[in-house]
Structures are given as C-alpha cells and as structure tokens.
Amino acid sequence: MRTPWRATVLGSQVAELLRRPGRFAATGLSLLIAAFVVFGTVMTQQILTATAVERFRGTPEAVSIVVTPGDEGVEIGESRLRVIRETPGVVEAVGRIEDGTALDGSAVERYLGLSADPGSGALAEVRLLEGTYPSGPGRLAVNTQAAEEYDLAPGAPLTLLQPDGEATRRVKVEVSGIVRSTATDGAEPTGYAPGPQLRKILGASGYSRIDIRTDTASSASSASSAPVSAELTERIRQAVPGAQVRSGDEVRDEEARAAVAAAKDNLDLVTVFLAVAVGAAVLVATSTFRIVFTRRVRQLALLRAIGATPRRLAAALVVEGAVVGLLAGATGVVAAWGCGQLVPPVAGRFGHDLSAASQVPLTEAALTVLGTGLLAVLSVLAPSLSASRVSPLQALRTAASEESTVSGTGRTLLGLLCAAGAAFLAWQQYDGLPQPGDTEYDRFAALTVVVLSGGLAFLALIALGPHAVRPVLSAVAVPLRRTGAAGRLAVAGVGGAPRRAASVSVVVALGACLVGSTLTSLASLDAYERNRQAVAAPADFRLYPGDGETLDRSLAADLASRPGLADVTAFRTAEVDDGEHGATVSDLDLGTVRSGVRLTTRTGSLDDLGPAHVVVDADRAHRLGVRAGDRVTLTFEGRPVELTVAATLTGAGPWGGQFFVRAADLTRMGADAAPTAVTANAAEDGAQGRTSAQRAITDTLTGPERGDGRVLAEDSAGQAGESEDLRTTATTVIMLLGLTVLVAVAGVATTASLTVVERKREFGLLRALGLGGRAVHRMVTVECALYGVLGGILGLALGLPYSWLVVRVTQANAPFSVPAGELATVFTALVLVTAAAGMVPALRASRTSPTVAVAQTD
C-alpha cells in the first residue's frame, strides 16, 4: 500500500507551506529583495552597455580599412597615401593627424588640439555649424568648445606657437568656421583642417593614420565580398610595407569595448555593496526561519513523537527553505526584468536617453535563481538543526518561546574572540598610521586589514547582540516609560525577547554602520579635497616675474582696477634655512585662498597668526617635530629670527610655501619690499568670465615694462581636479547602501508580522484587561521603532571609529569631519522607516479579539 505524499516528513512540510502561503511571504521577502537587486544590477549593466554602444561615436561607419604606422613606426606620407588611393577597390582615403599647439595672443597660456579631417563626406568626423570649412592654406575651423572658451568666431585671427628646435615658430591662421565633432571624445578645444593643409601648418612629414572607404563597404555582409576584402587588404599591406592594416569593424569594436569598459567601471562599486545587501538578506532570512520554526515547535515535536528522526526532520526543513528561496529568486528575477524593460521609456520621459537591453541574460537569470536558493539553504541550516532537535514532549506543551535562553556560552565566547581579533587588527593599523611625506605606506593592504577588522567587529556584534540589547534599551527607554502603558509594554516586549530584538537590530545596525561611516569618510575626504584644491590652485591666475626680472609695485593695483578681475593679492616669498633644510617663507594671507574654502590645521588655529608667529606646513612640521606653541628659528641671509608656531597645516602650503608669517615679520627678516607674485580670480564664473579675465591680464601685461616675458601669467584652474567624481561616488555608494536598509526594513516588517501571530494570545489578554486597540497599535509600532533606535545606536557606535581609521589610512593629512546633521537625519530616517514597517502588523494586532485570543491555545 502506497503512503500518501502528505504522510511523509517532507510532504507534511510542503503541505503546511501550501496551506499557509503567507509563510512564503514572511520567510522569502528578504531573499526576494536580494534576488531583485542582484538581477537588477545585471539589467543595469545591460542597459548601460547598450547605451554606451548606442551613444559611442568613433571611427565613422563608412571606414572599411584603417592603416597606422604600426610597431615599426613606418612613415605614411603623401606619396604612400596617393598609392593607397590608386589601389583598385579603394573609393576614398583620408590622412589623419592628432596633435596640438600653444596659442599666442594672450598672456595666459592657451592650448588648442589639432586634428586632420576632410570636413565633409562619409569619412568626416565633424559637421559644419557656421562659416566655411578650410579649403586653402592658413585657415582653420575650430569646434564649439574652442569657440566658447577662447571667444573665437569665423574671421578671427589665431597665432599658433610651433616649436622649431630651440626657437618658436609663429604660424598665423584665420578661423574659417565653427564645427561640432561627431566623435564621443571630442570635448577639448580643437582646430580642424584637411590633412595636407594641417601638415603644412604643423610641418609634419606624415600621417598618424589613414582611413579607407572601399567599394565593398555597402555589401560587406555578403559572403562573396570576404575574399575581395582580404585581397584588398593584402594590396594595401604591399603598398605600405611594415604598416599595421586592420578592418574598420575591428577598430570600431575595439573602441566600443573601451567605451563599454568605461561604463562598467561605474558598476565596480555596485558589486562590492551587493555582497553587503545579500549578507543582510541572509541575516534577516535566518532570523525569520528561526521564528517560523519556533512557532511550529508543536508540529515538529509531534513528527518526532511518531518516529521522524532529527536528520529527516532537518532535511525536510532545509528542502522547505530551498523551495522558498527558489520561488523568491524566480519572483525577484521576473520583477527586476520587468523594471529593466520600463527603465528606458520612463527615463526618456525625464529627458535621459537610455537604450533597452539587447537580449535577456538567461544565464545570469538562472544563476540568480539558483544562488537565491543556495542563500536560503544557508539561512535555514542553523534554524533547521536547532528545530530538528526538539523533544517529543514539546507536543504536550504550548508553543515555546525562542527566548528561553539568551544565548549559549559558546556563542558568547565566539563573540568575545571576534571582538578581540577586531580590536587587535584595528590597534595594529592605528599604531602604524602613515606620517606626512610617507611614500612607502601600503594603503591598500592597510584598508584590507581595516575591512577585515570591521567584519570581525560585526560578527562580534551578531554574537553578543542579545547581551547588548538590554543595556542599550535601558538607556534609551527612559522617556518611553513615561508615555504611558503602551510605551512601557513596548519596552518590555523588546527587552523580553533580546535574541529576536538583536537579530533584527543587527541588520539595521549594518545599514546604519555602513551609511554612517560612509557619510563620515566622504565628508572628511571632501574637506580634504577642498583643502587640496585650495592649495593646488589658491587663485585662478598667478603672475610672476620672468628670469632676472622683478614685479613692479603698481602691478597689483593695475590688475585690481580691471573689471574682469577680482581678489587681486600681492605677496612675497623668500628662501630661508630652518636649521636642517632650505625652505620657502611667504607673507601670503592664508585667508585669501579660494573663496569659501578655509585651510584646515592639524594643531593650533590660523587666527593665532600674529606678530612673531608662523604657520608651518605638515611635512615641515613633521620633520622639525613641532606643533602649535613650539618655537622655530628661520635664518635669512645669515640673520636668524625666532618665531612661535601659531598652527600646523594638515598638508602642503599654497604656492609651495612651507612657512607663512606676517608681512612685517618678513620685512624684519630683511626681504625686499617688492612683491614676488600676484594672484587674481576671474570676476565672473564660467568660460566667458575666464575669457574676460584672460583679456584683462593680457591688456595689463602689454607694454615695454611688463611685456615680452618680463611678467609671466599662468592659469592655475586646471591644476585642481574636480571633486565631481567624489560627489558621484558618494551618491552611488549611499544609494547602494540603501539596499541594505531596504532589506533591514523588510526584516523588521517580517518580524513584526510573525510577532503578531505568535503573540496573538498576549494581545488578546491586553485587550481583555482594558488596553484599547489604538494603544496596542501604538505599542507594536513603538516596538518596531525601537529596532531602528537600537540598530542606529549600535551601528553608529561601530561605524564612527572605523570611519576615523579609514580616513587616516586613506589620507594621513585629511581632517576628520563628522557630519552631525546628516548622521542625525540617517538615525531619524531609520527610526521612522522601521516604525512605518510595523504599521500594518500593528493594525492587525489592534484588531485582535479578546475572546478569540483568550480561547486560543496555540
């Protein structure tokens, strides 16, 4: 006689899952989110790749063959280009040159890229917007970037400064037109002309590349064209011996791969933080399975009583977890695919042109589903082993609480060992932090150890979490106990189940730790970046004397009178001896660097710079071993001057200075009264403001006293890199870490839902004793909010010390900046979203009937 499938241990568990499908939602929600974000990332890669390929414009599609000098450096001159053009099968061939030159006509250095292009036809990479394309000698078309930045228009004269041995050759040209480049990378100021004309301008003997269009280009897809194409390629190789000959498709594929690689670089960070989100999902799923299995303890005990072995029972529970994981994975993949199809049209409505994925990544989809099933198995292992050991006598009792004991001795010892290991590794890195000027420090290895230490610290938090819940709860629950019965019951409910509270709060703590430490680290690095930019480019322009020349004292006043300039500052420098090495001392006012940026100090304050005081840069302070309040002696031309250190900087000083003093002190040392440099900023932002400033400087430096190299000017704006990459990274990281918070919120909602079911009798008794439905609703909501409070406190307490260590390891000179407002916002948001996650379960709890609850025995 065959045994019904429901009568087997595995069949009973599957039947229970089918009878209560809501259990799938409870245990599989976090796994579904993990599968969604993983496959969502795959879809994001597909969309970005398709968009990069669609937007990329490099070698024109009409190019069939590309010839370059190759490794041997073969020169491809006009004669060889003529031979290529005469080769049968070649319809068109153009020579290309990529070069650049400095421009005359401004006291501030300007640079123009130069590119050879036919200007029209299938092989052209530019499109004419205004004027005419060069057709004769001495004419040049410029792109829109050059026209805007250098204030050029058709008919404007340009003087190119070409090196000619040790001399400089001035080549006068006229701007014939304005063009726009169709190439993706054509964003720099560039001039264009046909190959022969540009060769004459540059004095070049050959081309750097030949683009060829053949008569088989239009029928390249036909099989008969392949032998012809190979034969033509061989003819061209014979025409230009030693040159590298490649197909246009090969070159375009290489360019497209480079563009796709650049797009995928933006997703490197995604992979790292996906692992964090998946780890959070495993923690939530483990906690959920444990609660669900605890709720079913009587059923499991009955199975044990009728002969089910612990091994078969554990196997059945693991299979149940795998089924939940596979279903959650499939649901998450389908949802992510659907969202991926919606992203391009939705983005198009907001003005963002994105391309849809070209194909469904079936392999990645299958791996995501299987991976989610594996995660479910890993999550269910510990709870299933624990549940399978239930005693058959439990069948005679009511459902046991999982909180019969907080944790075992082994778990506590494991937590203490992890905490000790984390502390040891962190102290090791603290003790070996780099000093200013240390170039041999291995930051990657140090960061790896810091991450390992942080991982051990979090494992310690997981193991010791139940012990930490009650002390933290007792500290934060004082005001709640004063709000009435609902507040006191909420505190008692969370504190009465410390293991459950810890399992949920730890996931919230992971999100709070990562978000808080990331915000703190990025705030510190942003402060360092602003300080670095202020030091690298304290002003837009710097004017200094040429060799053997000096600046006249009226230069600063003349510049200040120009309407295109602002913040004109004159200062002096002198070479001194600090007792060990030569150094530069300056009377530059450190408060005049970049508007809105204040240099940071390691010790002391810039406000303390008074008479007989000095500010020292970080490297020199480290070498001399001085800090604020110490004394230093500077010797100028044999005259020693003793000064008190007012402050030490966190990095280098502006314009290469190591010591900064008051003007009176520099005069007292014996320095000349004439300025050695003058700085100025553009009065207006943008390219037009910079052009006006350059014109004002040029007009000021024109004349017999200051022209002809007597006074030099440099545009220092390009020396300070933009911090836009840092802001983009910060936004990306915070959004990715939001996935961890999302998983944590799902865990809170799941735990609250299961708690309502498990504590139904408790809620009924409270209702029977006179507690109203609103009070029960408020109690459950406050309990969920307390999970956010506990997680926020534990996470920030763990994250801030590690963020300090990360900042010190990454940049020894970076100031540690705590964004208190942002951290408070994160903490408040965590409390609110965890409270919101409990709203629906709280509503169910508030509707519990006292009669039904009191009568319920299971």
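Q: Which ring does arginine 110 lie over?
A: That of tyrosine 150, at 5.2 Å from the ring centre.

Q: What am I looking at, anyway?
A: A predicted model: local features need pLDDT of at least 70, side-chain atom pairs count only at pLDDT 80 or more, and totals for chains, interfaces and linings use all residues. Residues are numbered from 1 along each chain as its sequence is written, and side-chain values use heavy atoms, with hydrogens and water left out.

Q: OK, new topic. How many aromatic pairs are there?
A: Two. The centres of tryptophan 427 and tyrosine 430 are 5.3 Å apart with planes at 40°, so this pair is tilted. Rings of Phe, Tyr and Trp (its six-membered ring) pair if their centres lie within 6.5 Å; planes under 30 degrees apart are stacked, over 60 edge-to-face, the rest tilted.

Q: Where do tryptophan 427 and tyrosine 430 lie?
A: Both are in helix α12 (residues 409–431), three residues apart, about one turn of the helix. Helices are DSSP runs (H or I, at least four residues), numbered from the N terminus.

Q: And the other pair?
A: Tyrosine 430 with tryptophan 804, also tilted: 5.8 Å between centres, 40° between planes. Tryptophan 804 is in helix α23 (residues 773–810), 374 residues from tyrosine 430.

Q: So what do Trp427, Tyr430 and Trp804 form?
A: One aromatic cluster.

Methods. Helices (H or I, at least four residues) and strands (E, at least two) are DSSP runs, numbered from the N terminus. A charge sits over a ring if NZ of Lys or CZ of Arg is within 6 Å of the ring centre and within 35 degrees of the ring normal.
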